[in-house]
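Thanks, I will keep this short. Please have the sequence and the model open while I talk.

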Amino acid sequence: ILPGQSEQARPKPPLGRKPPGGRRPPGGGQAGGRGDTDYEAAAQNLLNHMDQYGVAKALLMPPPRPSDQADLNLNEVQNLLGVASRHPDRFFVAAGGDALNPMIHECNESEVTDEVRAGFEAEAERLVRLGIKAFGEMTALHLSFKADHPFEETSPNHPLFLLLADIAARHGIPIDLHMEAVPTDVPIPAGFSGNNPSTLRANIPGLERLLTHNRNARIVWQHIGWDNTGQMTVKLLRRLLKTHPNLYLALRVEERLFAMDRSPMPNRIVDDRWQLRPEWRAFFEEFPDRFVIGTDEFFGVLGRSRQAPQSFEETWRILDQLPPALAAKIGRENAVRIYNLN
């Protein structure tokens, strides 16, 4: 749970759910808090929504901070662990976005020395000893949507990402990865301003090198279904799942119907009536063990609105459109296995 500039709490990804069907009541809204003491209040708000939407457990983690924000909240993970300890049957914690991610992005690939590697590994091992369930949220490509929103880019096969894969494999802890899909170098998509460069570098080849580096490292690619480049196609994802048995996909139904240039959002899981698209249903049925739910939401202290964030609601709602056995896999069983949540 994350008090930061907006003092919000963030679950990623929720797991477990009541049987599909029935109408879900509205939940609480988002609001700012006042510092570390608001973690528990934010947690209660999140728990209220989880109960109303039938979500049994959530994985909490910091966002992928850029190198100039590494010291933004030094107690972030400890606060998350404190919440999880008070609600051990509801919350698990992931970490690394607050510390490991800045270490990767502040170091050029050619400048990774033995000293850098040792410091990175020591921090990762410290997090393992704290009992985290995943390394995350890490990022290889994070686009900027506005002037105060960070742009982050590095190769998915950066030497420290490869080292993290080895550490993750050694401990059986997956890596949660935020990355836009860029198969080849492309101009920045229309409508983007902020801090983005004019060209995005190809990252799918680097992702495949990361996946092949250590097959025992489980990589969970987050925000599948939220496509800002127009390249996250079912065709690409199907090829990657067929080729790389250690790749998993976390689903998100973004509330926005349009891309930054106001064209229809590409490659959404649902149509404009929020109905599951046939090609995605077939994709889920083809790889039933490779998907989890990852709503990627911030929850703060209960505020004026009583409606849950739409992507939280709409992402879970896709399970209502699946056969019960498949919904159970994607909504609970896969996450329990991938993140070792038994």
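Predicted model: local features only at pLDDT ≥ 70, side-chain atom pairs only at ≥ 80, totals over all residues.

Start with helix α4, residues 114-130. Its 17 residues reach 24 Å from the first C-alpha to the last, close to the 24 Å expected at 1.5 Å a residue. After α4 comes G131, with a positive phi near 95 degrees.

Which residues of α4 are buried? They are F120, E123, A124, E125, L127 and V128. As a reminder, an α-helix has 3.6 residues a turn, so residues three or four places apart point the same way. The buried residues of α4 pack against β5 (95-96), α3 (100-105), β6 (135-142) and α5 (159-171).

Now the charged pairs. The count comes to 15 salt bridges. One of them involves E125, which pairs with R170, the closest N and O atoms being 2.6 Å apart. This pair links distant parts of the chain, with E125 in helix α4 and R170 in helix α5, 45 residues apart. E125 has a relative accessible area of 17%, under the 20% cut-off, so E125 is buried. R170 is partly exposed, at 47%. Salt bridges with shared partners join E121, E125 and R170 into one network.

Next, R65 and E76 form a salt bridge with closest N and O atoms 2.8 Å apart. R65 sits in the loop between β3 (57-60) and α2 (76-86), while E76 is in helix α2, 11 residues apart. R65 counts as buried at 6% relative accessibility, and E76 counts as buried at 0%.

Last, E254 forms a salt bridge with R252, at 3.1 Å between the closest N and O atoms. E254 is buried at 6% relative accessibility, and R252 is buried at 7%.

Technical notes: Residues numbered from 1 in each chain as written. Heavy atoms only, no water. Helix = DSSP H or I, 4+ residues; strand = E, 2+ residues; numbered from the N terminus. Expected span 1.5 Å × (residues − 1). Buried < 20%, exposed > 50% of the residue type's maximum accessible area, 1.4 Å probe, protein only. Contact = heavy atoms within 4.5 Å. Salt bridge = Lys/Arg side-chain N within 4 Å of Asp/Glu carboxyl O.
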